[in-house]
Amino acid sequence: MTNNILSTTKVEQFDRDGYVLVPDLFSPAEVAVMIRSVEGGSRVAEMTRGTADATGKKARLAIWHELGDDVWAAASTCPRVVNNVRIILREEIAFFHGKVMLKEAKSGGAWEWHQDYGYWYDQGYVFPRMLSVFVALDAATKENGCLNVLRGSHELGRLTHTIVGTQTGADPNRMPQLETMFERVAVTMSPGSALFFHCNLLHTSAPNLSDHHRRSFIMCYNALANPQLGDKKTSAQVPCPVGADDAILKFA
Ligand code: SIN
Ligand code: MN
């Protein structure tokens, strides 16, 4: 990484694996501002909702589709993120949505195997030219339910998603066999690290049975030229603004 811009090697890694991990994309000071906003800010408190996983544990998250004017907007428009997403997708992008995943100690629920495009296709998005940037706010470990991915599974294309337990997940008849065909990677992350991942990458996570929170902030982007069919528009299809690199710290 030079100036936090992904190298050609890292972009090739994304193309091959369906993800690339960027350590320390955000500084400890920036993560501290985000954590403070999770714990005391209004947007997360107002937008949080939770659905129980198959064991009754809550997979709680706060989600929004407008950038707004706060630390989350500052992170979602910072050049380190927006320019790297443009580089990976190789085209201009639009902000799609942001969400804070509140996988809290002893209580955070599991996520079934799924592709994000398994959900987003049903929202009308035509092409899988979409991706997520998953930022660890706490250390993500095997014990507190870090993300697990199937390396290279984005090459499968979109799978059929059905109801799995209490969630929507990738076809449970196909998953056991697919799991044997790809390397399963537990993506352990230090706070401030970012995982850029393709919308067709299969991912899952276990419940958080540990004493440590595993909270994360996920920024999702769509190619500007990727239309959304139907009349239920979930995002403004405008070029994602690019803000200042130090904007997050202005909310300190
Ligand atoms: C998780 O937070 O473990 C799941 C996140 C996701 O599915 O995007
Ligand atoms: Mn997901």
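How do the residues of the lining of the largest pocket divide into nonpolar, polar and charged? There are 11 nonpolar, 12 polar and 4 charged residues, where Ala, Val, Leu, Ile, Met, Phe, Trp, Tyr, Cys and Pro count as nonpolar, Asp, Glu, Lys and Arg as charged, and the others, Gly among them, as polar.

This is a predicted model, in which local features need pLDDT of at least 70 and side-chain atom pairs pLDDT 80 or more, while totals for chains, interfaces and linings use all residues. Residues are numbered from 1 along each chain, chains are lettered from A and ligands numbered from 1 as written, and side-chain values use heavy atoms, without hydrogens and water.

The largest pocket holds about 570 Å³ of space. A pocket is an open set of points on a 1 Å grid over the protein atoms alone, where a 1.4 Å probe fits, with protein on both sides within 12 Å along at least five of seven lines; lining residues have an atom within 4 Å of a point. The volume is the space filled by probe spheres set on the points, which are joined across faces, edges and corners. Of the 27 lining residues, Leu 61, Lys 99, Met 101, Trp 111 and Tyr 119 lie nearest the centre.

Buried means under 20% relative accessible area, exposed over 50%, partly exposed in between (1.4 Å probe, protein chains only). Among the buried residues are Pro 79 and Leu 89. Just after H5, Arg 90 has a positive phi of about 65°.

Thr 55 sits in the loop between strands S2 (48–52) and S3 (58–64) and counts as exposed because its relative accessibility is 63%.

Notes:
Helices (H or I, at least four residues) and strands (E, at least two) are DSSP runs, numbered from the N terminus.
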